[in-house]
Amino acid sequence: AAGTFNEKWFRDYIPALRIYLNGMGLLGKAYYAIMEEPQNQADYDAIAWYAQELKRAAPNLKLMVAEQPRPEIFSHPSYPGAKVDLWDAHFGTSAFDPDVSLDRLKNHAEETWIYFLHNTYLPRFNPITIDHPGVEAKFLGWYLWKYRIRGFEYWRFNEWGANPWT
C-alpha cells in the first residue's frame, strides 16, 4: 500500500473533509469507508496501513470497514496506529465471532454493525429473506442487545431476480 500513497490527498483532502463535517455538525455521525469485504492478507495490510495514515491525517474522522473485527487489521505488526471505529460484519460468515466484537467495543471503543445477505443460511438466522421463518426477524433485536452490536445494515432489499423464491 505504501507505493500508492498520495501525500497531497492526505495533506489536503482528508483534513478538509474532517473540518467540513465538523462544521456541519456531522463529524460524530459520518464515517469514511476504507474497503468493502476484503478478501486476503494483502487487503488486510492495505486496510491497516490506510487506517493508520487516515488517523494521522484526521484523528477524529470515523473509519469503517465492511468486515468483522480481525486481528490481521487491529493488531497488525507493521501498522500499530491502525484503528477501525466501525466494523460492518457479514453475519452469514461462519468466522464471525460476536465475542470479538464485544471485546473491541468494551476495550477499544470500536463498534460493530452486522448485515445479512441472501446467502445467510442455517444455523445462522436471517431476518431479511422470505425463505426463512418470520420469527427470525424477532431474533435480531435480542442478538444485537446481547452482544452490544450497535447497528444493522440492511444492505439491499431489491435484489430479487426473475423469481424471488429461487
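In strand β5, Phe152 is the bridge partner of Ile114. Helices and strands here are DSSP runs numbered from the N terminus, with at least four residues (H or I) for a helix and at least two (E) for a strand. The model is a predicted one, so local features need pLDDT of at least 70 and side-chain atom pairs count only at pLDDT 80 or more, while totals for chains, interfaces and linings use all residues. Residues are numbered from 1 along each chain as its sequence is written, and side-chain values use heavy atoms, with hydrogens and water left out.

In β5, Gly151 stands opposite Trp113. Ile114 in β4 also has Ala89 opposite, and β3 and β4 pair in the parallel sense over five bridges. Zooming out, these strands sit in an open sheet of five, in the order β1-β2-β3-β4-β5, with parallel pairing. The edges are taken by β1 (32–36) and β5 (151–153), each of which pairs on one side only. Averaged over the sheet, neighbouring strands are turned by 25° against each other, direction ignored; the axes behind that angle are lines fitted to C-alpha atoms (for helices, over the stretch in contact), and angles run from 0 to 180 degrees between N-to-C directions.

Next come the aromatic rings, with 13 pairs in the structure. Rings of Phe, Tyr and Trp (its six-membered ring) pair if their centres lie within 6.5 Å, and planes under 30 degrees apart count as stacked, over 60 as edge-to-face and the rest as tilted. Phe91 and Tyr143 make an edge-to-face pair, because their ring centres are 5.0 Å apart and their planes stand at 80°. Phe91 comes from the loop between β3 and α4 and Tyr143 from helix α5 (residues 136–146), so the pair ties together parts that are 52 residues apart in sequence. Both Phe91 and Tyr143 are buried, where buried means under 20% relative accessible area, exposed over 50% and partly exposed in between (1.4 Å probe, protein chains only).

Phe152 turns up again here: its ring and that of Phe116 have centres 5.6 Å apart and planes at 65°, so this pair is edge-to-face. Phe116 counts as buried because its relative accessibility is 1%, whereas Phe152, at a relative accessible area of 29%, is partly exposed. Ring pairs join Phe91, Phe96, Phe116, Phe125, Phe139, Tyr143, Tyr147 and Phe152 into a cluster. Pro69 is 83 residues from Phe152 in sequence and 15 Å away in space, C-alpha to C-alpha. Pro69 lies in the loop between β2 (63–66) and α3 and is buried, with a relative accessible area of 7%.

On the charged side, a search of the whole structure turns up eight salt bridges, each being a side-chain nitrogen of Lys or Arg within 4 Å of a carboxyl oxygen of Asp or Glu. Asp85 forms one with Lys55, with the closest N and O atoms 2.6 Å apart. This pair links distant parts of the chain: Asp85 is in the loop between α3 (71–74) and β3 (86–90), while Lys55 is in helix α2 (residues 41–57), 30 residues apart. Asp85 and Lys55 are both buried, with Asp85 at a relative accessible area of 14%.

Asp85 has another partner in Lys83, the closest N and O atoms being 3.9 Å apart. Lys83 counts as partly exposed, at 25% relative accessibility. The side chain of Lys83 also meets that of Glu110 in a salt bridge (3.7 Å, N to O). Lys83 lies in the loop between α3 and β3 and Glu110 in the loop between α4 (98–108) and β4 (111–115), so the pair ties together parts that are 27 residues apart in sequence. Glu110 is buried, at a relative accessible area of 2%. Through shared partners, salt bridges join Lys55, Lys83, Asp85, Arg104 and Glu110 into one network.

How values were computed
Pairing = 2+ DSSP bridges.
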